[in-house]
Amino acid sequence: MTEPIWQSPPSPVNQILDAPAPPTVLLSPNQQWLVELEQPLLCSIAEMAEPQIPLGGFLLNPRTNAPSRYNQYHSIKVRAVCSETFNNIALPENPRISFLKWAPNSEKLAFTITQANGLELWVLELATGYTKRLTEPILNAAYGTPHRWLSNDTLVCKFIPNERGEPPIKSSVPTGPVIEENLGKKTPSRTYTNLLESPHDESLFEYYISSSLNKVTLDGKSTQIISSCLIDEAHPSPDGNFILLTTLHRPFSYQLPASYFPKRAEILDKNGKLIREIEDLPLADNLSIKFDAVRPGKRRISWRCDRACTLSWVEALDEGDPSLCVNYRDALFELEPPFNGEPRRLWQSEYRFQHIAWGREDVALVWEKWFDTRKQRVWCINPQQHETSPQLLFERSFEDKYNDPGVPLYIDGNHNRNVIRFTEDGTGIYLNGRGASPVGVYPFVDKFDLATKQTKRLWQCQNPYFEVVVDILDSEAKTLITRRQSQTEPPNYYLKQEHSQAVLLTNYKDPAPQMAQLQKELVKYKRADGVNLSATLYLPPNYEVSRDGTLPMLFWVYPEEFKDREFAGQITTATNTFSRPMRDSVLFLLTQGYAILSGPTMPIIGEGDIEPNDTYVEQLIAGAQAAVDYVVKRKIADPSRIGIGGHSYGAFTTVNLLAHTDLFKVGIAKSGAYNRTLTPFGFQGEQRNYWEAVNTYNNMSPFTHANKVKAPLLLIHGEKDSNSGTYPLQTERLYEALKGLGATVRYVVLPHEDHSYRSREAVGHVLWEMINWCNRYLKY
């Protein structure tokens with residue numbers, strides 16, 4: 001058998017894949033600067049093949065002491081919001097830019113450049129475009145953020161220790177067996193990858209994660225303030241006088257990632273002197289697998305954004321166990337300098353604390369939610385007078401997208417941190433919402449009065465656009481920066497002022513003009529039991545049903561669980577968006593004469609005490625049948641030429657539908673999990689373990705029903721999939737089962753690829769596989 005080689009998809013897919021991607025745009029916290037970052041969508045397989053070490057749930061590049069996969073940009077351009085053009089910033093040839101951080105006053109931008117042997121720290125002065133390298137390639141980005149601003153002229157950085165030496169070498173001769181034991185303690189966990197597996201791995205973890213903490217000034221001078229330890233994060237206070245330092249320590253775990261390891265939180269002064277230990281959390285190996293389970297002890301430890309140096313945190317009042325019956329689940333605390341007094345309780349939640357937005361001394365907003373009931377509440381509290389009764393602002397099911405009030409808009413506050421933006425008279429706030437509704441998705445900005453709870457709509461996107469507010473630039477919301485697109489116009493940024501014509505801030509062109517005439521439509525239909533369903537229908541450029549007749553069609557699926565059938569039928573997909581395929585998108589098949597039904601809603605509903613997954617297969621079939629009936633009735637598709645595919649949970653769905661129906665003539669399943677006994681402590685929206693729901697786990701597992709799969713199935717999986725539960729063994733075992741049963745099946749393993757695919761070679765090959773498979777078994 002000849003060795004397989006990378007294949008290339010047909011025209012125009014290759015040309016579209018190689019087209020430059022639109023840049024990423026950042027708005028400075030002070031709203032004065034726009035930064036444009038060029039980021040290739042795909043890297044080379046050579047980059048993916050760089051060395052990597054699995055350590056505590058993540059992959060590390062030992063040459064750079066940084067994650068093996070993270071966002072990297074290749075150029076920086078800058079313009080003032082009020083100017084007309086972007087200016088190129090001079091940098092070394094072919095830079096790999098990451099970890100961008102604004103200075104507190106937004107006048108400078110710190111970032112790293114990755115060299116072959118590590119990460120350098122650089123700084124950019126926005127007004128002049130001047131750049132300077134501040135360090136050699138000695139930053140430690142293995143875990144957490146490698147640098148943060150302490151003040152406008154100083155950063156705190158994690159450095160690779162000078163005395164580190166060479167990494168530990170694993171002996172080729174074992175000194176004994178690897179032993180794990182559990183002495184009667186319940187320690188369930190979901191399924192993770194890239195974990196520690198041996199004492200040698202523990203030594204490697206300590207070797208690569210250990211950092212010293214140094215202050216670095218803009219002249220490049222470095223001063224060590226903390227000697228080598230396992231630094232998680234170092235967060236300076238808003239005034240720069242203190243540092244919240246979190247570190248990891250033993251004992252480590254072979255079943256859990258590093259985020260569950262013992263963690264110590266301390267307050268230091270800006271020179272590294274210990275002020276107070278705030279918490280020392282033990283290994284979190286006994287948490288419930290329910291979604292509202294949290295770590296006991298102080299968590300969410302952070303600085304208040306509206307104060308110079310006040311610490312806040314949350315503590316569970318139910319031991320972090322959602323199965324316990326208590327009146328209050330969480331409490332919010334604060335601790336003021338000099339940090340030697342008792343913390344002050346600001347608020348208690350009946351549900352699980354979710355988020356806080358700081359505003360000013362007398363206003364903060366807090367969110368709480370409870371997964372079992374899908375309930376969410378938003379409260380307004382007075383941190384200055386905690387005895388004042390909190391005011392309930394919003395209460396709804398978080399499944400209910402139509403009544404989502406939006407989230408507050410923020411402003412750079414007195415201490416150069418994001419705080420809630422208030423109306424000019426201080427009585428209200430601005431809410432930025434997505435705007436899902438029965439007629440479509442139309443983002444909005446509302447003014448909300450905190451006292452009367454009355455809402456006034458200030459702005460809303462209108463047809464034919466999908467436009468979102470990036471930020472408002474004044475206290476009356478009359479000047480906005482928006483990002484606007486339509487089905488025919490690519491996304492661009494605009495400056496909009498009341499009674500004035502919008503000013504174009506960027507002018508990005510269509511990266512795939514070959515797709516300019518594609519047709520996109522939101523379609524609606526019903527399940528047999530009356531549940532409203534919808535999907536986005538894509539048709540090839542210039543297609544006419546009366547002239548061209550039916551097309552081969554591929555469904556691309558991903559189901560969701562719901563507790564309320566009313567919310568399951570809501571329209572949440574925006575149709576006025578600019579749709580162009582990228583990476584390994586199924587939309588590329590439009591160029592080859594296929595129709596695509598993208599995201600047909602397949603809600604799995606369990607109302608009251610009934611769990612959604614207990615009738616998963618039945619509801620899945622009903623949703624698929626309704627979608628097939630719809631496209632056949634429209635005479636767009638021929639029932640003998642409809643296929644199905646999906647990624648991750650969509651792949652799981654694909655194989656289930658091939659096993660339980662004859663609706664689909666071909667299947668494509670990418671990076672899926674197919675045997676739920678291999679994820680026995682929960683998956684997706686399932687909170688029960690295998691032994692609590694044996695029938696559900698077995699019935700939902702397509703592996704159990706592999707003998708029923710008759711349609712040709714293409715299986716694709718990344719060799720280094722790190723997503724919880726979808727390790728490559730899942731696809732390997734399904735392939736072996738189908739092969740043994742005589743099915744028509746093809747199994748493609750992508751070297752070095754993760755859960756999603758990033759290399760140009762692998763993405764091109766995946767598209768070739770998909771097109772070839774459909775041409776072979778579906779098109780004719």
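Tutor: A residue counts as buried when its relative accessible area is under 20%. Please keep in mind that the structure above is a predicted model.

Student: How many residues of helix α3 are buried?

Tutor: Helix α3 spans residues 199-209, and eight of its eleven residues are buried, so the helix is largely enclosed by the rest of the structure. Among these buried residues are His 200, Asp 201, Leu 204 and Tyr 208.

Student: Which strands do the buried residues of α3 pack against?

Tutor: Their partners are β3 (53-55), β4 (58-61), β14 (210-217), β15 (222-236) and β16 (242-248).

Student: Over how many bridges do β2 and β6 pair?

Tutor: Strand β2 (residues 33-38) and strand β6 (residues 75-80) are joined over six bridges in the antiparallel sense. Within this pair, Glu 36 stands opposite Lys 77 in β6.

Student: Let us turn to a loop. Where does Thr 423 lie, and is this residue buried or exposed?

Tutor: Thr 423 is found in the loop between β29 (418-420) and β30 (428-433). Its relative accessibility is 8%, and therefore Thr 423 counts as buried.

Student: Which residues does Thr 423 touch, leaving aside those up to four places away in sequence?

Tutor: With that exclusion, Thr 423 touches Gly 428, Ile 429, Tyr 430, Lys 447 and Ser 475.

Conventions
Residues numbered from 1 in each chain as written. Predicted model: local features only at pLDDT ≥ 70, side-chain atom pairs only at ≥ 80, totals over all residues. Heavy atoms only, no water. Helix = DSSP H or I, 4+ residues; strand = E, 2+ residues; numbered from the N terminus. Buried < 20%, exposed > 50% of the residue type's maximum accessible area, 1.4 Å probe, protein only. Contact = heavy atoms within 4.5 Å. Pairing = 2+ DSSP bridges.
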